[in-house]
Amino acid sequence: MGGLVMHSTRAVALSRSAPFRATLPVVASIAAASLWLLAITAHAGAPLDHFETTIRPLLATHCQSCHGDEAAKGGLRLDSLVEVLCGGDSGPAVVPGDPAASLLIAAVRHESVAMPPDRDRLSDGEIAALEAWVADGLPWTGSASAADLLAAGLPPRAAAAPVGPRLRPRPMVVTEEDRGWWAYRPLVRPAVPEGAVGHPIDRFVDARLAAEGLVAVPEADRATLIRRLFFTTVGVPPSAEEVRAFVADTDPAAWERLVDRLLADPRHAEHLARHWLDLARYADSDGFRQDAFRPHAWRYRDWVVAAFQADLPFDRFVIAQLAGDELSDDARGAIATGFLRQTPYEYNQIDVPKQWTDILDDATETTADVFLAMGLGCARCHDHKYDPILKADHERLRAFFTAIEWRDDGVPEPQALFPGQQTWVDTVGRIQRELATLRASARDELAWGGLQRFPPQIKRLVMLPAAERTALEEQWVRLAARQLTFQPEKLPEADRLAYERLTAELAAFEKEHAADRPPSTPAAVVAEVGVPEGIAPGLPEVLGGGCPPIEPVAARGPSSGRRLALARWIAAPTNPLAPRVLANRLWQWHFGEGLASEANDFGLLGAPPSHPQLLDWLAADLVEGGYTVRRIERLILTSTAFRRATHAPESPPFTLAAARDPQARLLWRRHARRLDAEQVRDAALVASGELDATPAGPPVPAAKPRRAIYVSVLRNTRDPLLDAFDFPDASASCSRRNTTTTPSQALLLLNGEWLLARARALALRIDRQGLGDDRSRAAEALRTVIGREPSAETIDACTEFLGLERSRLDADASTFSVALSEPMPQREGLAATIDPARPDALLTVPGSASGAKPEAGPFPADDFTFEASVVLRSFPADGRLRTIASQGFGRDDAPGWSLDVDAAGRLGLKVRGARKDGDTKIPIRAEIDAGLRLALERPYAIAVAVRVVDAGDRRVDFQIRDLSDNDAAARLATVAHGFDGSHATSQPFAIGGRSGSEDSSWDGLIDEVRLSRRALQRAELLQEQGSAGDAVVAAWTFEETPGFAVDTAGRGRDLVRGGLQVAPVKDLRGYEALVDLCHVLLNSSDFLYVD
Amino acid sequence: MSSLARHHRLPHHAPATSRRDWLARAGSGFGALALAALEHDAALAATSAPLAPKPPHAAARATSVIFLFMEGGPSHLDTFDPKPLLRRLEGQPLPESFGRVITPMGEGESPLLADRRTWARHGRCGAWVSDWLPHTAGIVDDLAILRSCVSDGLNHSGGVCQMNTGSVLGGRPSLGAWTTYGLGSESRDLPAFVVLQDGDGQVVNGPRNWAAGFMPAVYQGMRLGTGTPPIANLTAPKGVGPARQAAKLAFLTDLNRARAAATPEQTELEARIQSYELAYRMQAAAPLAVDLGAETAETRRLYGLDEPATAVCGRNCLLARRLVERGVRFVQVYHGAGSKWDAHAGIEKNHAELCRQVDQPVAALVRDLKRRGLLDSTLVVWGGEFGRTPMSEKGDGRDHNPYGFTMWMAGGGVPGGIEIGATDDVGLHQIADRLHVHDIHATILSALGLDHLRLEFASKGRPERPTLNEGRPHPRLVGR
């Protein structure tokens, strides 16, 4: 009944595209009267609505699983009107307009064949709906009418087939025709097309264009070209100076020189590596619930970068990642097997066989995706429905990997051992073997903490002596053991004592011979545990089947050699598929789209290549050229095709091309591309001058200004910026990023703190150049963000914007609150703004180490006085502090001092350091509570005078004055303490937080800061209009004159902010306006897209 | 020059400068659809208007979904699925006849734990509901209670992942993302897929649950917080006043328009301009959507906003209704974020408290939708990632049970007052009318007019479908 209930709110949209046609006369000769009438009523006005809302879903749900694109039982398909009219083995399924004469209707009424069978039998309502549809003349969206079709003679059935690949017949047989598929054919280098001499790539591309009668657009201008080349090779934009130099360079070889320079640039390796990490589903965490950090994953990332930097031939690149541990000549190459360790891992999954299956499937399918562009995933459960890939192919390919185990121990450095090191290896090895024997002898389940949760099968295997486990069982036990902790106290008495003795012996030996520990690198790699029984390894049938010769190896312990055999087969010069896959990827990385657009799937479901001959030529050249990647990149980048403009002039040859090939698959023009997530981040840091170009090493938090490739990839905690710009999800191999345009991106860029901070830094950078007027500043901002020399019109517009912003700043009440400084309440002049949300909040003095003597460090290490005016805007979270100023004190036990306010507003001083005359290794500390509280949003002048030198007078004098109340007296507190040492530190003096710690930022204003090299008398304090004379170390007033960061005591101890020089900003209004302009430019399409 | 200098006007008031521009702005929703249709280019439509409303495959019964996710796995045995046998067998091991299962804490052999509830039949349909859910008991005639739900997720991560994305392994789009992809957005100025949660705890798997997986990020859910602003980065940076912000945006639009005009073939440049305009509209619309000030005292009372125990969930349920009213397509409401329902021990205290938090607000949501005529077009789904075992854990708790558990649906064309499926006599396995997560998802999609086998997205060239080609809508739930 429900099938007839019409909800037609959306139906109008469905019928829009098809013209209304008069329906055939309704023949209402059949019963089921009331339903029948309802059906007619329901669809009377709009037959196509009836078809879309009722008939199509009905056919799809009840009929097409047997009579559709997956099967055509009885020769019958019901998924297009032509098929319905052609019918099956029993003849046409319907007679249009005549339900009573239609086999289909008899079948659904179970009057002839009973279809669908009983369990799925149609309801009376559904049958009536079908009858009405037949009576109506079979209206079918997007198809000519049944009457017209029959009148014109039915077209061949093939032509009526739904668009898309054909299903393969069952059972699957892989044929010679399949092996002749373009991707699997033997690789023969095609001849370069005849015609104009020139670059071979251009001869292929241009020959194709000529054949289609199309004309390519000219090359882009030089400023566009250098920006394009920089982004595609090194991933960051050129500097304005580099653009200028290239634009001015008229040498015809200038382009090739630039290409060579950039390909050799270490940043190029970082950029290529990021493409590869997408393929390798690289992440620094496990995924799943705990998403635990993977401390050694980055070593694989660095290996990839180094491999690209060294232009490691691709065959060796492949072999290292699949079987580096099995190569006897390259022990560190084992790190490359991190490729097989990028699989997500669930730390508490007790269904061990299931998780192990997932891990092996992932290794298998990723390998097929990445090196063979074969979508093997479907064949995990069944023969592929479209491609000639058998379920058995999956199983056989998987068998190359089934012997692996995951290892996290050290990869030894490749060098001969000294005698002492040999002793280390022998002794530690012996003890560990004995410990392992004792563990293996444990017959009490309780000896394994965590084992209780596991299913009986796993418990039994863990208790089984290792020798009695099969290889597969051993793998399960090792996977389960990651969740178990051994508890030696549950061993029998004798064993327990032996275990304790061995543990102690090991610890003692390791301590005593620490210097002999051979160098090794901890890494997440694979090794082998033994060959599980079962299916033998083999290659996919369509790639020739069979199995390459497998020989056991013993590079890092006995290994089956299976992966090495597979890797060598993939990398062999005779393999036609792997070089095609790689050449296509290289093309994609430089053109945005591969010659074959689905770079991870060369099967029927991926699109065929636009230029098959060119792809083969590149692939052949790749192999013949020793499989070096950079050579092919150079070829691609020096082609004219690479240098074409994105815009086509409005003249006939190009309008023709635009009409014939709007997507420009034939490369008659280039596409502008939005920057990738990393490029957005890195380019903004380059523009602001903040990029820290340090290569390699452990991953860093996103707040650090390193290149994006070095930012931690945590599967469950994605960086908001990278996430918004389509950073891949790292669950499976990603061959092509999505490119989206979303309001979230707009909100993030326009309102988010991160890009605004870059705009501030950029504005400072420009401000410091001391350019005279707004016009010069606008032009410099444009050059820096966009690279090229801006047009006069654009400079005019930006200049005008700067002027208008200046005047707006006065009108807009919020004016200066985002600046470095803002007015201090109840006081004249400006104060430094410290906002904990800003990563660059901290103000520090570079080189301001403290020491007892000025030559050791100019800042005080014993007695001192700190003074400041402050406004606190929020209390910290419980357990945290808001720091007014500090020196050192960033980490546990680090020496230094810190003046803080706690969650209750209590003011206190902490000092830590070493006793001057005693054992300098023992830290001493004092926590001195002033017994004074600060209220929020109220200005205070604070002074803290610290005495530690005079043993008879160790005290701190606090003095606080509420500046909002002229009548309020200063509050005083004197606290004695026992700190009798030096708090000397090499860390810089910091205002508004602690150097090296982001947890204790001030929130509010800080002004009138003065630091003095002794404990001042009360009369000497600023609050008392006193002078500290020569004792002053430095002072800052944060005014426009002489400048925000300038040391007003004249000692030259200027502040930096967030590690960045804060040159005197003389004209705060102008600076703020410039921040706005820079922020707009960093949001602009000119910045976000590359032509 | 002149076009670049018009800084004073707001971007969404920009006059059309060309026919193309006019078309891009014309019509409702994301106007670029008209432009794309004009140019007969589906690829273009996909880049420039991925959220344009699209027709469903079949008549939709529901236009919106509110999925109330009880994170951590509520016990069906103590709420909707009474098992008298459990009381008789309390303290004994699970009889062999019920089969053995893997549970994460290995409680297969632990003694059975009876419920401590008082049960009654409710409504005209006479459905059993325990005394932990008195308000829900009052709406049973609007509910289809699904007693035979099954998941593959043994742990929270896999379970929550599958209940959201169809797979226990990460990387696939969530159901909300599939819905947004399939149907586009009905709202001009709010995201189509919104996520709400209680507390600050992180939902298991984090934002991965509402991610777009291999689909473009434009389809992912947007978390709406309870704070100000409700959406991350919704308001101008601290200290930037409205005039200044508007001026920046206007100037940006001018620059971007000039850039787009230089290469009109790059349609995504136009889309970029529109994305800023939508962001600008969201700045105004989202705070209004979450402003409960306009709700009557009676409504606030109905949702329990005046009671500390129910205020948080009540607020989220009320927000869900307000979002649905504004055209939001898919609202995911997490309750107990951070596996709060995960009662491995002390289930009495744990569930008594959590049931009290959700019972009144959830019932209020159904009643409120109904009286506003929205229940017909809004499918409400209630449940967790799995249920709990009849075997005890730590004496007074229950382990995870993905083998048979209860969820319910209401509205969106789902018949009320019915029960589907059953579990065995101890509530361990489903035994009739199995409803796997894939079936549940197919049913939800079907209510929205989407066919789970025809909703395809090509990833790496392969057609991916929301339920991994499995499952089917339950006939009784989709009115067949």
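Residues count as buried under 20% relative accessible area, as exposed over 50% and as partly exposed in between, with a 1.4 Å probe and protein chains only. The structure is a predicted model, in which local features need pLDDT of at least 70, side-chain atom pairs count only at pLDDT 80 or more, and totals for chains, interfaces and linings use all residues. Residues are numbered from 1 along each chain as its sequence is written, chains are lettered from A and ligands numbered from 1 in the order in which they are written, and side-chain values use heavy atoms, with hydrogens and water left out.

Chain A has 35 helices and 25 strands. Both kinds of element are DSSP runs numbered from the N terminus (helices: H or I, at least four residues; strands: E, at least two). Of the 1091 residues of chain A, 57% are buried. Contacts (heavy atoms within 4.5 Å) were sorted by sequence separation. In chain A, 69% of the contacts between residues at least 6 apart join residues at least 24 apart. Chain B contains 13 helices and 17 strands. Its 480 residues are 66% buried. For chain B, 76% of the contacts with a separation of 6 or more come from residues 24 or more positions apart.

Aromatic rings were examined next. A pair of aromatic rings is described by the distance of the centres and the angle of the planes. Rings of Phe, Tyr and Trp (its six-membered ring) pair if their centres lie within 6.5 Å; planes under 30 degrees apart are stacked, over 60 edge-to-face and the rest tilted. Over all chains, the search finds 36 aromatic pairs. One of them joins W303(A) and F317(A), which are stacked at 5.5 Å centre to centre with 15° between the planes. W303(A) lies in helix α15 (residues 297-309) and F317(A) in helix α16 (residues 314-323), 14 residues apart. W303(A) is buried because its relative accessible area is 15%. F317(A) is buried too, at 2%.

A tilted pair is formed by F859(A) and F989(A), with 5.6 Å between centres and 35° between planes. F859(A) sits in the loop between β10 (843-844) and β11 (864-872), whereas F989(A) belongs to strand β20 (residues 989-991), 130 residues apart. F859(A) has 0% relative accessibility, so it counts as buried. F989(A) is likewise buried, at 0%.

Ring pairs also build a cluster, with W303(A), F317(A), W276(A) and Y627(A) among its members. A charge is found over a ring as well (NZ of Lys or CZ of Arg within 6 Å of the ring centre and within 35 degrees of the ring normal). The charged end of R222(A) sits over the ring of F246(A), 4.1 Å from its centre.

Two helices of chain A pack at about 100°: α20 (residues 456-463) and α21 (residues 471-481), with axes 10 Å apart. Axes are lines fitted to C-alpha atoms, for helices over the stretch in contact, and angles run from 0 to 180 degrees between N-to-C directions. α20(A) is therefore roughly perpendicular to α21(A); this class covers 65 to 115 degrees, while under 35 is roughly parallel, over 145 roughly antiparallel and the rest oblique. Residues in the contact include I458(A) and L461(A) of α20(A), and W476(A) and V477(A) of α21(A).

E365(A) is found in helix α17 (residues 352-372). At 13% relative accessible area, E365(A) is buried. Beyond its neighbours within four places in sequence, E365(A) contacts L376(A), G377(A), R380(A) and H394(A).
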